[in-house]
Amino acid sequence: MNSQTITADAAGTWKLGDLPVHRLGFGAMRLTGSAAFHHGTPSDRARSIAVLRKAIDLGVNHIDTAAFYFSSLRSANELINSALAPYPDDLVIVTKVGPYRAYDGEWGTSARPEDLRGHVEENLRQLGRDHLDVVNLRRMPRYDSIAEHFGALAELREAGLIRHLGISNVTPRHLAEARAIAPVVCVQNRYALDRPDPDSDELLRLCGEQGIAFVPFYAVAGEAAERGATTVHDEDVRAVARAHGASPAQIRIAWTLHQGPHVLAIPGTGNPDHLAENVAAGAIRLTDEELTRLDRPRREAG
């Protein structure tokens, strides 16, 4: 397949609340270095800016980011602001709050409900905006309930600082808890074809029933997580990739999008060529037989 001729609209569209986005978006985590956070080496700034601008040229209108996406020299939000402001009218920037990293890069105590306004204002400042399109509350394990935190974000939504709310790293119980407080437009959880997770499977189903976007993270990275895309692919993935003239990473993205019309993909990269390949994966149409083959690890685990 010729990745250079395929744009993000090939994946179809969904709405985050009232904001239409192509189902193939872009995750900003990998913009700041060879691996996320304090891992790896800082990225070349000009190259990261070029990746962002190329994403827009390829029709991407959904970018996922966070103020805590930074390396020793680079900030994802600063790169987004520098590359794309003034922002295209159709661009939806989704950020997340909850975790906290100090300036030295070390993880600190996650936010209390009263801290979240500061987290939101930091994203506003870095992105150069007067409101945030979507803010995900990233649940940290130390908090069993998300009610107080989500309620604090709902107040900021009422104040006009946030347009829509989502949640991340949650269970079905947390989705019900949040929806009792304010509308939820997206759920962002770890989800990959080779990582069975009953809670996320149930969330995928519930989101489909309730018209909520389900947005997997680490769908391409797999067990490599923040360190980058996995290089471990089983023979089923490789065989399907060969049949489509595609890479295993593209098949992982395509499988993600095939999980439902409400599923969005946000693969990230700091490489312009990988970006084009990721976007092109939105045009891959898997057969029922191929999906059955790719689903084998999940069936065997269940």
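**Close-up views of a predicted model**

**View 1. Ser-75 lies in the loop between strand S4 (62–64) and helix H2 (76–84).** The model is predicted, so that local features need pLDDT of at least 70 and side-chain atom pairs count only at pLDDT 80 or more, while totals for chains, interfaces and linings use all residues. Residues are numbered from 1 along each chain as its sequence is written, and side-chain values use heavy atoms, with hydrogens and water left out. Helices (H or I, at least four residues) and strands (E, at least two) are DSSP runs, numbered from the N terminus. Ser-75 has a relative accessible area of 18% and is buried (buried means under 20% relative accessible area, exposed over 50%, and partly exposed in between, with a 1.4 Å probe and protein chains only). Leaving aside residues up to four places away in sequence, Ser-75 touches Thr-32, Tyr-69, Phe-70 and Gln-126; contact means heavy atoms within 4.5 Å.

**View 2. Helix H1 (residues 45–57) packs with H2, their axes crossing at roughly 60° and coming within 9 Å.** Two packed helices are described by the angle between their axes and the distance between the axes. The axes are lines fitted to C-alpha atoms, for helices over the stretch in contact, and angles run from 0 to 180 degrees between N-to-C directions. The crossing of H1 with H2 is right-handed (left-handed if the near helix is turned anticlockwise from the far one by less than a right angle, right-handed if clockwise). On the H1 side the contact involves Arg-45, Ser-48, Ile-49, Leu-52, Arg-53 and Ile-56, and on the H2 side Glu-78, Leu-79, Ile-80, Ser-82, Ala-83 and Leu-84. These residues of H1 and H2 divide into 7 nonpolar, 2 polar and 3 charged. Here Ala, Val, Leu, Ile, Met, Phe, Trp, Tyr, Cys and Pro count as nonpolar, Asp, Glu, Lys and Arg as charged, and the others, Gly among them, as polar.

**View 3. Helix H3 (residues 116–127) packs with helix H4 (residues 147–158) at an angle of about 50°, with their axes 10 Å apart.** This angle makes H3 oblique to H4 (under 35 degrees is roughly parallel, over 145 roughly antiparallel, 65 to 115 roughly perpendicular and the rest oblique). H3 passes H4 in a right-handed crossing. Leu-116, Arg-117 and Val-120 of H3 make the contact with His-149, Ala-152, Leu-153 and Leu-156 of H4. Of the residues in the contact of H3 with H4, 5 are nonpolar, 1 is polar and 1 is charged.

**View 4. Asn-123 sits in helix H3.** Asn-123 counts as buried, at 1% relative accessibility. With residues up to four places away in sequence not counted, Asn-123 touches Ala-66, Ala-67, Asn-77, Thr-95, Lys-96, Val-97 and Leu-132. From Asn-123 to Glu-78 the C-alpha to C-alpha distance is 9.6 Å, and the two are 45 residues apart in sequence.

**View 5. Asp-104 belongs to the loop between strand S5 (92–97) and H3.** The relative accessible area of Asp-104 is 59%, and the residue is exposed. Asp-104 and Ile-212 are 36 Å apart in space, C-alpha to C-alpha, and 108 residues apart in sequence.

View 6. Cys-186 is buried, with a relative accessible area of 3%. Cys-207 is buried as well, with a relative accessible area of 0%.
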